[in-house]
Structure formats: C-alpha cells, structure tokens
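The following report describes a protein model, heading by heading. Please consult the sequence and the three-dimensional structure alongside the text.

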Amino acid sequence: MKITIVFAVCFIANIVVAVPIDDPSQAQILRLDSDVKPDGYSFALETSDGKTHNEEGQLKNIGAEDETIVVRGSYSFVADDGQTYTVNYIADENGFQPEGAHLPNVGIH
C-alpha cells in the first residue's frame, strides 16, 4: 500500500511540474482520470499537444516478503518529425519492458 501511495503522489507531482497551466505556450491538460486503491492504481492523461498516457499498477503477493507492484501502461507523443509514437510497457520484478514499432526488439537471452 505504501508503494501505491508513493506512485500516486509522484505522478501528481510530475504533472504539476511538467505542465504549467499558467503558461499559455505550454500544453494544457485536457483529461486526467485517476483512481487509487489499497492494492493498486490507474490513471489516464491527455494533453493538448497530443500526448497520452494510460497506466495501471497492481500489488502482487500482498503481505509476502516478495511483495511487488506490476505496472502496465502505454504512452503516445507527437515527435518533431510529425509522427505519433506509442510505447507499451510492463514494469515488474523483471524490470521495465517497453515495446514500440520504433524501438529495437532486443529480447532477453
């Protein structure tokens, strides 16, 4: 549960720092939905510059010595070349595992 609260607080702090609402030249938050529960969280974010980010985290092995959080999500952004890039990812006891058409497929050996 402590991990969930830390993730939620960090996420909200990053949004406040990353997207200053009082500067009209910066992207504006169009949608922000979040739900924090004792065993997990989820959020969805969309900004006026075409960025989106959806994520959910669930505690695994609650109360056990090997308790961990499993995070699944995706984010998209419009790059300087005008293309939209999307990254889907999982982060768990095996580390951060991103996938995207523009990313190399290195696989784990």
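## Aromatic pairs

Five aromatic pairs occur in this predicted model; rings of Phe, Tyr and Trp (its six-membered ring) pair if their centres lie within 6.5 Å, and planes under 30 degrees apart count as stacked, over 60 as edge-to-face and the rest as tilted. Tyr75 and Phe77 form a stacked pair, because their ring centres are 6.4 Å apart and their planes meet at 25°. Ring pairs connect Tyr75, Phe77, Tyr85, Tyr89 and Phe96 into a cluster.

Residues are called buried under 20% relative accessible area, exposed over 50%, and partly exposed in between (1.4 Å probe, protein chains only). Tyr75 is partly exposed, as its relative accessibility is 31%, and Phe77 is also partly exposed, at 28%. Phe96, by contrast, counts as exposed, with a relative accessibility of 52%.

## Basis of the model

Residues are numbered from 1 along each chain as its sequence is written. Because this is a predicted model, local features need pLDDT of at least 70 and side-chain atom pairs count only at pLDDT 80 or more, while totals for chains, interfaces and linings use all residues; side-chain values use heavy atoms, with hydrogens and water left out.

The mean pLDDT (the predictor's confidence in each residue, from 0 to 100) is 82 for the protein, and 73% of the residues reach 70 or more. Confidence is highest in strand β2 (residues 40-47), at 96, and lowest in helix α1 (residues 2-18), at a mean of 52. Where pLDDT is low, the predicted coordinates should not be read in detail.

## Overall architecture

Helices (H or I, at least four residues) and strands (E, at least two) are DSSP runs, numbered from the N terminus. Of the 109 residues in the protein, 23% are buried. The protein exposes about 7,600 Å², of which carbon and sulfur atoms supply 56%; these areas come from the Shrake-Rupley method with a 1.4 Å probe.

Contact means heavy atoms within 4.5 Å. Among the contacts with a separation of 6 or more, 20% are between residues 24 or more positions apart.

## The sheet

The six strands form an open sheet in the order β1-β2-β3-β4-β5-β6, with antiparallel pairing; two strands pair if DSSP finds at least two bridges between them. β1 (29-37) and β6 stand at the edges with a single partner strand each, so one side of each has no neighbour in the sheet. Neighbouring strands are turned by 10° against each other on average, direction ignored; the axes are lines fitted to C-alpha atoms, and angles run from 0 to 180 degrees between N-to-C directions.

β3 and β4 run antiparallel and are joined by nine bridges. Asn54 has Ser74 in β4 as its bridge partner, and Ser74 is in turn bridged to Asn88 in β5. The antiparallel pairing of β4 with strand β5 (residues 84-92) extends over eight bridges. Between β5 and strand β6 (residues 95-99), the antiparallel pairing extends over five bridges. In a regular strand the side chains alternate between the two faces of the sheet.

## Loops and hairpins

Asn61 lies in the loop between β3 (52-60) and β4 (68-78). Although Asn61 is not a glycine, its phi is positive, at about 60°. Most residues other than glycine have a negative phi. Asn61 counts as partly exposed, as its relative accessibility is 34%.

The hairpin of β4 and β5 has five residues between the strands, and Gly82 there takes a positive phi near 90°. Two residues connect β5 to β6 in a hairpin.

Phe43 is located in strand β2 and is buried, as its relative accessible area is 8%. Phe43 and Gly57 are 14 residues apart in sequence, and their C-alpha atoms are 9.3 Å apart in space.

Phe96 belongs to strand β6, where it stands opposite Ala91. Apart from neighbours within four places in sequence, Phe96 is in contact with Tyr89, Ile90 and Ala91. Phe96 and Val71 are 25 residues apart along the chain, with their C-alpha atoms separated by 9.0 Å.
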